[in-house]
Amino acid sequence: MMTRGGAMAGAALGVVLAFGGMAGAFAADLPTPQTAFAQPVGSDYFLADYTAYEAYLKALAAKSDRMKLVDIGKTEEGRTMWMAIVSSPANLAKLDRYKEIARKLAKAEGVKEDEARTLAAEGKAIVWIDAGLHASETITSQGQIQVLYRMLTENDPETLRMLDDCVILFGQDNPDGMEMIADWYMRNPDPKKREFGSLPRLYHKYIGHDNNRDSFMSAMSETTNVNKQLFREWFPQIVYNQHQTGPNGMVVFVPPFRDPFNFNYDPLVMTELQEVGMAMHSRLVAEDKPGSGARSAAPYSTWHNGMERSVAYFHNSIGLLTEIIGGPTPTTVNLVPELQLPGNDRPAPIAPREWHLQDSLDYQWTMNRAVIDYASRNRERLLFNIWKMGDNSIKRGSRDSWTMTPTRVDELAKAGKDKPGPYGAAIDPSLYKTVLQTPEARDARGYVLPSDQADMPTVTAFLNTLIKNGVDVDKATKPFTIGSKTYPAGSYVIRAAQAYRPHILDMFEPQDHPHDLEYPGGPPKAPYDVTGYTLAYQMGIKFDRILDGFEAPTTRVPDLITVAPGAVKGSGGAGWLISHETNASFTLTNRLLKAGAKVYWVKDGAKAGKVAFGPGAIFVPASPAAKAVIDKGVKDLGIDAYAVGGKPLGATIALKPIRIGLVDVYGGSMPSGWNRWMFEKFEAPFQVVYPQRLDAGDIQKDFDVLVFPDGVVPSETGRGGRGGGGQPKPEDIPAEYRAWLGRFSDDKTLPKVAEFVKGGGTVVAIGASTRLATAMGAPIELATAKTENGQTKPYSTRELYIPGSVLRAKVDPKQPLAYGAADQVDVFFDRSPTYTIKADAKGVAKVSWFDTDKPLRSGWAVGQEKLKGSVDMLDIDIGKGKVFAFGPEITQRAQSWGTFKFLFNGLLYGPAVSGK
């Protein structure tokens with residue numbers, strides 16, 4: 001049902017078959033976008049899918065001497081991602097040389113200024129231009145077809161200059177989504193009824209729109225493939241990431257962006273970005289294409305590292321984002337009175353008018369040309385400046401340096417209150433050094449990750465996110481000492497003296513977001529996405545910041561790190577003890593239960609010789625089935641199993657095989673999709689379940705535990721999760737998707753879920769979905785809201801506003817939900833709920849809570865003191881079953897590995913003890 005490739009690709013595939021060996025033919029012989037597809041590309045009510053696009057790429061590559069087609073990897077669904085390299089024939093003949101020049105200049109290591117200038121004079125500007133990341137934003141993919149054809153066929157002086165000066169990398173970021181969206185749109189024979197808003201699932205296998213929040217984590221295959229081209233292969237000076245939809249009453253948002261400005265990257269990348277953005281505006285205006293806007297015209301900022309265009313800044317590349325209106329179905333440019341007055345951010349207002357797909361494609365052509373023209377005219381300067389920024393980073397990482405943040409500036413202002421300077425608001429200049437440049441406030445020269453920490457497989461996953469982003473990682477060949485601390489061989493060292501230092505700092509250091517208000521004294525201005533995301537914190541990585549120069553015996557890690565094999569240690573015959581501290585122990589447990597082996601948690605911990613295991617130590621009695629799983633599992637998962645001579649003493653919890661129901665909604669929930677990816681990665685047995693199935697009751701027939709990700713259940717304050725839009729009528733969609741329709745409701749779904757829990761089932765609720773606990777009568781009250789006139793209302797943002805930050809919470813590691821955790825944990829908190837336990841409550845255990853009025857670790861928090869004393873994770877008995885309420889987003893975007901174990905524990909613990 002979801003593919004229509006045969007019909008879409010027929011014409012283009014015919015071209016491949018007919019001309020498949022004729023390289024270097026004249027441009028006139030190239031198949032056109034008007035003739036190579038089922039309908040002309042750019043026509044109203046028509047979308048080409050990826051099958052047809054892929055065939056067209058091959059046809060162009062077979063006949064054009066300006067293009068080389070490169071396979072850059074597979075998508076999550078197994079399609080090939082193609083990158084079209086476009087340049088002059090002479091440049092294509094020397095691609096390896098130009099790639100090497102780009103690498104040397106971007107990495108800057110060992111390159112002096114004279115050599116940099118020589119290389120910049122020889123090299124070619126490298127420009128990445130992509131399409132289709134958000135597949136429902138169809139303009140970009142359709143437009144790329146026309147742009148490619150025109151760049152391969154036009155012979156005007158400007159085009160030839162561009163091809164001589166530049167190597168342009170055209171990428172398609174989401175082939176699976178392009179196929180899905182186009183096929184769903186085109187399924188209706190009546191053009192006027194075509195739409196893709198009713199697509200039953202996310203337009204990426206797992207995460208939909210969040211595929212543009214995965215750049216620093218690089219969890220998805222597509223992200224990893226793109227990052228490899230950007231930061232490990234081609235090192236483009238410009239990364240142009242195209243999107244839609246544009247602002248109301250306008251046509252397109254084009255950079256520059258509004259503040260805040262992230263404080264870790266080189267300021268030169270921002271000044272260059274403004275140059276390119278304004279060149280794009282100027283070309284639009286010069287070509288009589290009004291309706292562009294910048295800065296205040298849209299909410300986009302340059303703060304967050306997770307997006308494709310923004311991760312570029314932390315790699316000294318100019319990251320561009322455009323957001324344009326339009327689509328295959330004609331629309332209109334609306335009339336918004338205040339936008340008719342020109343200004344610096346909106347230089348050329350547009351009158352209301354009808355708008356067609358080709359209108360958007362014409363604007364996209366202009367913007368692509370503007371970017372390539374800028375790169376051509378500034379070729380040598382772009383190449384030299386990327387070296388300059390890399391060299392700046394190496395120098396800053398090699399000496400004492402300080403990063404300015406809002407908190408530091410506040411400290412300076414406070415210190416200067418009684419020390420005025422000579423002019424106006426100025427203060428005593430000596431405070432610059434005594435306040436801002438204190439020794440303890442220095443940036444780190446490097447970071448050491450000891451190899452003896454408890455969860456090395458998670459450390460490996462963290463390091464691989466850095467390597468995927470082009471960061472150089474070193475490994476100690478023998479023990480070494482820095483200051484008074486000795487580190488074992490195998491410890492990892494990340495030196496700050498490298499070109500991608502801004503990215504390193506952003507992954508290890510806390511984000512200090514400005515106190516950004518709508519106006520002085522006003523409410524907080526919503527950030528674009530989140531404010532705090534320090535990955536080392538989220539993943540629970542133990543590391544040391546090294547402030548002084550240091551030496552360590554290391555060797556460079558050449559590529560992605562494979563988890564070091566674990567081993568079976570000892571010779572006892574009663575069974576094996578395994579630490580609960582590793583996330584990989586959940587995978588091993590799932591394998592053991594699947595094989596029919598018995599698995600226990602030892603409540604008070606255990607010992608194997610001199611090795612002590614904390615609460616929840618995993619004990620596996622000896623059996624042939626268990627031995628086969630453990631012998632293999634310790635090697636490929638990187639964990640150790642200790643063979644012991646007797647069963648550990650003390651109380652245990654016997655685990656049993658589980659049947660997980662992961663709740664999703666029609667259209668797809670992004671938090672649910674991220675959880676699905678996690679369950680597959682950690683080999684959890686699950687099925688996706690929709691509200692209709694829950695409404696039908698008898699849930700225990702199919703499931704032992706239900707997982708409700710953030711937003712699947714509406715919160716008490718009305719906040720939902722990401723994804724899952726409007727729903728169509730059943731008769732308007734294929735029968736195979738009709739069972740997915742429906743939403744969680746208090747009148748139909750809640751009673752059936754409550755019945756399931758009271759009868760011995762387990763519910764795991766995350767984020768806003770924790771409302772299930774209070775809805776089922778749990779003796780708790782929402783702490784992140786207030787009661788007025790008997791009604792629960794959210795705090796105003798002036799009172800409490802924590803928009804995506806990392807907070808530190810207290811943990812009771814003796815609680816089964818917290819087995820394997822330390823007594824403190826960093827949690828990702830995004831306007832999340834917390835609770836207070838009623839004084840007369842029974843059957844409620846406090847697992848994690850906030851014990852300070854300043855829990856903020858990274859990001860921005862207004863009113864954080866209101867969280868003190870509230871509980872963010874609870875273990876609740878309801879009837880014979882369990883409800884586990886996790887207020888923070890413990891699985892957010894698959895980044896928060898440091899809190900995965902709370903979910904993993906809940907999946908196993910609830911079914912093990914419920915029903916008794």
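Q: Which residues of α5 and α13 meet in this predicted model?
A: On the α5 side they are E113, A116, R117, A120, A121 and E122, and on the α13 side R379, E380, L383, F384 and W387. Sorted by class, this contact holds six nonpolar, no polar and five charged residues.

Q: What describes the packing of α5 and α13?
A: Two packed helices are described by the angle between their axes and the distance between the axes. For α5 (residues 113-122) and α13, the angle is about 145° and the axes lie 8 Å apart. Their crossing is right-handed.

Q: How do you know that α13 is largely enclosed by the rest of the structure?
A: Count its buried residues, where buried means under 20% relative accessible area. In α13, 14 of the 19 residues are buried, so this helix is largely enclosed.

Q: How does the reach of α13 compare with the span expected at 1.5 Å a residue?
A: Helix α13 runs over residues 379-397 and reaches 28 Å from its first C-alpha to its last.

Q: Why are α19 and α20 called roughly antiparallel?
A: Helix α19 (residues 584-594) and helix α20 (residues 624-637) pack at an angle of about 155°. Angles over 145 degrees count as roughly antiparallel, and therefore α19 and α20 get that name. Their axes are 10 Å apart, and α19 passes α20 in a right-handed crossing.

Q: What makes the contact between α19 and α20?
A: From α19 come A584, T587, L588, R591 and L592, while α20 brings A626, V629, I630, K632, G633, D636 and L637. By class, there are seven nonpolar, two polar and three charged residues in this contact.

Q: How do you know that α8 is mostly covered?
A: The count tells you: 12 of its 12 residues are buried. Among them are D176, M178, W184 and Y185. Helix α8 covers residues 175-186 and reaches 17 Å from first C-alpha to last, close to the 16 Å expected at 1.5 Å a residue.

Q: Why does D359 count as buried?
A: The cut-off for buried is under 20% relative accessible area. D359 has 17% relative accessibility, so D359 counts as buried. This residue sits in helix α12 (residues 357-377).

Q: Which residues is D359 in contact with, leaving aside its neighbours within four places in sequence?
A: Those are R353 and E354.

Technical notes
Residues numbered from 1 in each chain as written. Predicted model: local features only at pLDDT ≥ 70, side-chain atom pairs only at ≥ 80, totals over all residues. Heavy atoms only, no water. Axes fitted to C-alpha atoms, helices over the stretch in contact; angles between N-to-C directions. Helix = DSSP H or I, 4+ residues; strand = E, 2+ residues; numbered from the N terminus. Parallel < 35°, antiparallel > 145°, perpendicular 65-115°, else oblique. Left-handed = near helix turned anticlockwise from the far one by under 90°. Contact = heavy atoms within 4.5 Å. Nonpolar A, V, L, I, M, F, W, Y, C, P; charged D, E, K, R; others polar. Expected span 1.5 Å × (residues − 1). Buried < 20%, exposed > 50% of the residue type's maximum accessible area, 1.4 Å probe, protein only.
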